[in-house]
There are 2 protein chains.
Amino acid sequence: MLKILEFGKKVRPFIDKFMFELLRGKPSELYDAASHLPKAGGKRLRPVLLLAVTKGVGENWKKAIPAAAAIELLHNFTLVHDDIMDKDEFRRGVPTVHKIWGEDIAILAGDLLFSKVFEAASKLLDYGVEPDKVVQVVNRLSQAATIVAEGQTLDLRFVKEVYVSEREYLDMIERKTATLFKIAAEIGAIIGNASSECIEKIKEYGLNIGIAFQIRDDILGLTADEKKLGKPVYSDLREGKKTILVINALSKLPEHEKQFLLKVLGKTQDINLLKKAAELIIRSGALDYAEELAKQYVKKALISLEQSCIQDKEVYEMLKELALYIVERER
Amino acid sequence: MLKILEFGKKVRPFIDKFMFELLRGKPSELYDAASHLPKAGGKRLRPVLLLAVTKGVGENWKKAIPAAAAIELLHNFTLVHDDIMDKDEFRRGVPTVHKIWGEDIAILAGDLLFSKVFEAASKLLDYGVEPDKVVQVVNRLSQAATIVAEGQTLDLRFVKEVYVSEREYLDMIERKTATLFKIAAEIGAIIGNASSECIEKIKEYGLNIGIAFQIRDDILGLTADEKKLGKPVYSDLREGKKTILVINALSKLPEHEKQFLLKVLGKTQDINLLKKAAELIIRSGALDYAEELAKQYVKKALISLEQSCIQDKEVYEMLKELALYIVERER
């Protein structure tokens, strides 16, 4: 068994206990809706990364539990609101929050998760983290939330634009997805009292695995087994998302196939047309391209990791495994 | 001129400068949407209250500027999301955020405002507030956001319920509206290093003027001059809101008029029917009842104020004026 999975298995109950204690309250529809996605599953990658980094720089990972819960709450908050905007109906194998409780309660459930992020962070004090560090963590969490909102805005904007460059795409996913990995790693290092140079390297590691994660997400959205994935395939195509696959395919396909793809993207529910578009994308070589690109970011991440101050040999291995897992995962 | 208005006029540029500096960024549609409501106006009651309390307990109010901005950002965040849920089309004399930018951007604009709440709070450090106090402020802001979401959930739930008791109503508005006044006052006192007994009294003051504020809001929603108010009258009736006026009228009206009211509430856009319902409510004595109730909460607030440690005579007068203004305001 991979060391990172073992570590994840060990820390998960601590993350979840802390998180679910914050998600108890009334009115019940609000708290049920807010805890729906965290209860449905999820890989807890971001909090596990955070705790691994804290351990890796030589601090007891238990000190960082509230921060780990905070980052998972922040992630789940963005999922609940994004699912409303993207009109996604399934995630983690269950119907989305707005699908069950309606949009109003889904907005409020997201807001509740968001407010709990900062309640969790404020509780780091009780875990022996110095007050000025706690304020730093709050600052990073709020900045990350800002950047994620910017990224989601771009993601929505790109649906309406015909041509999006790879550069624009990378900027968008850096904000929308990679930021949370970056600050998870950063916060873990802050709590572990790492030096500022080391923190920089650890942030780079987080950022690069985050970019690789989103590219892999784009790939799985086109190729994955629906049951494993927990959400419908082709939903990116259905929603007209400018994934790296779409962007790359559009740059490669001959004119008439490009026009076909543009006519399907975000404009049909017809499964046969969507399937044809997916085949076209794969045939264009965009899939291979994306896989190669993701690997490049993993490579970058591993270089940053090497240059960081992660002392703990075991954690070093774990973070290496995590980076590799991210581009190999099937869900 | 009232002292509180004078103070408000003096501090407002500081609140706004701090707030709008946080609301600059890209993508432009996100930041334009997020700054739309704060730019459109608003009375800045909560931040002014916060700063007055800081001054009143003997601290330089300038030290609390980031917290004042934070509470105004939090208030505006709730307005943007509430307007989506309530389908309100006007506020502060301008179209609401979702009306201009659509629901997706409105959700994100609210989220951005929310994240800026905590970025603002974290900047209290730069204003010389001790780190442990900053963490306390973060904790209070996040708890308040939680309670406001609970209150808004109840407000939505009550639309679907036929009978809501006055007690349930008071619990709902305490969460939805009064909480922000309460923690504005509390945070002002925390930053001003007030004793915990004094903080308790100041919180009570804030809570009670907050309840009075919402009752007055209910009254204005039925009786105000539309232009002064900046939003359509009767929108509470149109949305089926269980305001104190509706609740009290339902308890007083004879059966057939009660049935008429229930048939109109949340079920028609017909201005003549809405007008008739409003007249019925007023005729029932519910308006007088609500006005009396609001005054009682102001009285409670003034008693708490008297028992608090507000030393500064000028601020004492200001907070007295604020409490009275809240039930006399026409918008």
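User: Where is A:Arg92?
Analyst: This is a predicted model, and in it A:Arg92 lies in the loop between strand E1 (90-91) and strand E2 (94-95) of chain A.

User: Which residues is A:Arg92 in contact with, leaving aside its neighbours within four places in sequence?
Analyst: Those are A:Leu37, A:Ala40, A:Gly41, A:Gly42 and A:Gly230. There's also A:Leu229, which is 137 residues from A:Arg92 in sequence, while their C-alpha atoms are 7.2 Å apart in space.

User: And why is A:Arg92 called partly exposed?
Analyst: Because 19 other C-beta atoms lie within 10 Å of A:Arg92, and a residue needs 20 or more to count as buried.

User: New topic. How do H4(A) and H6(B) pack?
Analyst: Helix H4 (residues 65-86) of chain A and H6(B) have axes 9 Å apart, at an angle of about 160 degrees. That makes the two helices roughly antiparallel, because an angle over 145 degrees counts that way. The crossing of H4(A) and H6(B) is left-handed.

User: Which residues meet there, H4(A) to H6(B)?
Analyst: From H4(A) you have A:His81, A:Ile84 and A:Met85, and they meet B:Asp104, B:Ile107 and B:Asp111 of H6(B). By class, the residues of that contact are three nonpolar, one polar and two charged.

User: Zooming out, how many residues of chain B are in contact with chain A?
Analyst: 39 residues of chain B are in contact with 39 residues of chain A. On the chain B side, H2, H4, helix H6 (103-122) and helix H7 (131-160) each supply at least two residues.

User: Which helix gives the most to that side of chain B?
Analyst: H7(B) does, with 18 residues. The side of chain B that touches chain A has 21 nonpolar, ten polar and eight charged residues.

User: What about H7(B) and H4(B), at what angle do they cross?
Analyst: Roughly 20 degrees, and their axes come within 11 Å. H4(B) and H7(B) are therefore roughly parallel to each other, and their crossing is right-handed.

User: Which residues of H4(B) and H7(B) meet?
Analyst: H4(B) brings B:Ala67, B:Ala70, B:Leu74, B:Thr78, B:Asp82 and B:Met85, while H7(B) brings B:Val137, B:Leu141, B:Ala144, B:Ala145, B:Val148, B:Gln152 and B:Leu156. Sorted by class, the residues of this contact are ten nonpolar, two polar and one charged.

User: Back to chain A. How do the axes of H15(A) and H16(A) cross?
Analyst: Helix H15 (residues 286-307) and helix H16 (residues 313-328) of chain A cross at roughly 170 degrees, and their axes come within 9 Å. So H15(A) is roughly antiparallel to H16(A). On the H15(A) side the contact is made by A:Ala294, A:Lys295, A:Val298, A:Ala301, A:Leu302 and A:Leu305, and on the H16(A) side by A:Leu319, A:Lys320, A:Ala323, A:Leu324, A:Ile326 and A:Val327. Those residues divide into ten nonpolar, no polar and two charged.

User: And H6(A), how many of its residues are buried?
Analyst: 18 of the 20 residues of H6(A) are buried, so that helix is largely enclosed by the rest of the structure. The length of H6(A) checks out too: at 1.5 Å a residue, its 20 residues should span 28 Å, and the end C-alpha atoms are 29 Å apart, which agrees.

User: Where are B:Lys87 and B:Asn193?
Analyst: B:Lys87 is in the loop between helix H4 (65-86) and strand E1 (90-91) of chain B, and its phi is positive, near 55 degrees. B:Asn193 is in the loop between helix H8 (166-191) and helix H9 (196-223) of chain B, with a positive phi of about 60 degrees.

Conventions:
Residues are numbered from 1 along each chain as its sequence is written. Chains are lettered from A and ligands numbered from 1 in the order in which they are written. This is a predicted model: local features need pLDDT of at least 70, side-chain atom pairs count only at pLDDT 80 or more; totals for chains, interfaces and linings use all residues. Axes are lines fitted to C-alpha atoms, for helices over the stretch in contact, and angles run from 0 to 180 degrees between N-to-C directions. Helices (H or I, at least four residues) and strands (E, at least two) are DSSP runs, numbered from the N terminus. Angles under 35 degrees count as roughly parallel, over 145 as roughly antiparallel, 65 to 115 as roughly perpendicular and the rest as oblique. Two residues are in contact if their C-beta atoms, placed from the backbone, lie within 7 Å. Ala, Val, Leu, Ile, Met, Phe, Trp, Tyr, Cys and Pro count as nonpolar, Asp, Glu, Lys and Arg as charged, and the others, Gly among them, as polar. A crossing is left-handed if the near helix is turned anticlockwise from the far one by less than a right angle, and right-handed if clockwise. A residue is buried if 20 or more other C-beta atoms lie within 10 Å of its own, exposed if 12 or fewer, and partly exposed in between; C-beta atoms are placed from the backbone. The expected span of a helix is 1.5 Å times one less than its number of residues.
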